Amino acid sequence: MRNSKKSLLAVILVCAHLLVSAQVDEAKKSIAESNAIYFESFVKNDSSIFINSYAENACILAPNAPAACGREAFAKFFRSAYQDYGLRNGKFITTNVYGDGKEYVTEEGFWQSFNAKGELFDDGKFLVLWKKTKSGWKMFRDSFSSNHGFATK
């Protein structure tokens, strides 16, 4: 009897692990798909691609600025990145995804920004909290910083 309880527990644990693994894999796949088209918004000057990457109640947590929350703030952020900074393309390099894949996961990685000539003009690191929504996985909290903001001693 004792061995059958241990066997049942082992089966339950394996099934739970496989379920969590499948959920995280689904999240990773969705994140990769979103990241693949995110910078197309700047290539095409189409803010809708950018805005639709975020959950309705998301916030962009840019350095040295208040949180930018909601669709209007996302549109303003996009316009500023495009017009004021000359962002025309970029790249995300995901190094890890943490979480159980049920409702939230956190993505960690690096980013690069390119101007109209295709020249790298900034790069840095990011943490994004992704939320599973009715429309799929969307960015919920987008936090990033440049590698060129200040020198350390």
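The largest pocket of this predicted model has a volume of about 980 Å³, where a pocket is an open set of points on a 1 Å grid over the protein atoms alone, at which a 1.4 Å probe fits, with protein on both sides within 12 Å along at least five of seven lines, and a volume is the space filled by probe spheres set on the points. Of the 38 residues that line the largest pocket, those closest to its centre are Ala-62, Pro-63, Phe-77, Tyr-85 and Phe-144, a lining residue being one with an atom within 4 Å of a point. Among the elements that give two or more residues to this lining are α1 (2-38) and α4 (71-84), while β5 provides the largest share, six residues; helices (H or I, at least four residues) and strands (E, at least two) are DSSP runs numbered from the N terminus.

Under the rule that a disulfide is a pair of cysteine sulfur atoms within 2.5 Å, the count comes to one disulfide. Cys-59 and Cys-69 form it, with their sulfur atoms 2.0 Å apart, and because the torsion about their S-S bond is about 105°, the disulfide is right-handed.

| Residue | Relative accessible area | Class |
|---|---|---|
| Cys-59 | 8% | buried |
| Cys-69 | 42% | partly exposed |

Residues are numbered from 1 along each chain as its sequence is written. Local features need pLDDT of at least 70 and side-chain atom pairs count only at pLDDT 80 or more, whereas totals for chains, interfaces and linings use all residues, and side-chain values use heavy atoms, leaving out hydrogens and water.

Notes. Buried < 20%, exposed > 50% of the residue type's maximum accessible area, 1.4 Å probe, protein only.
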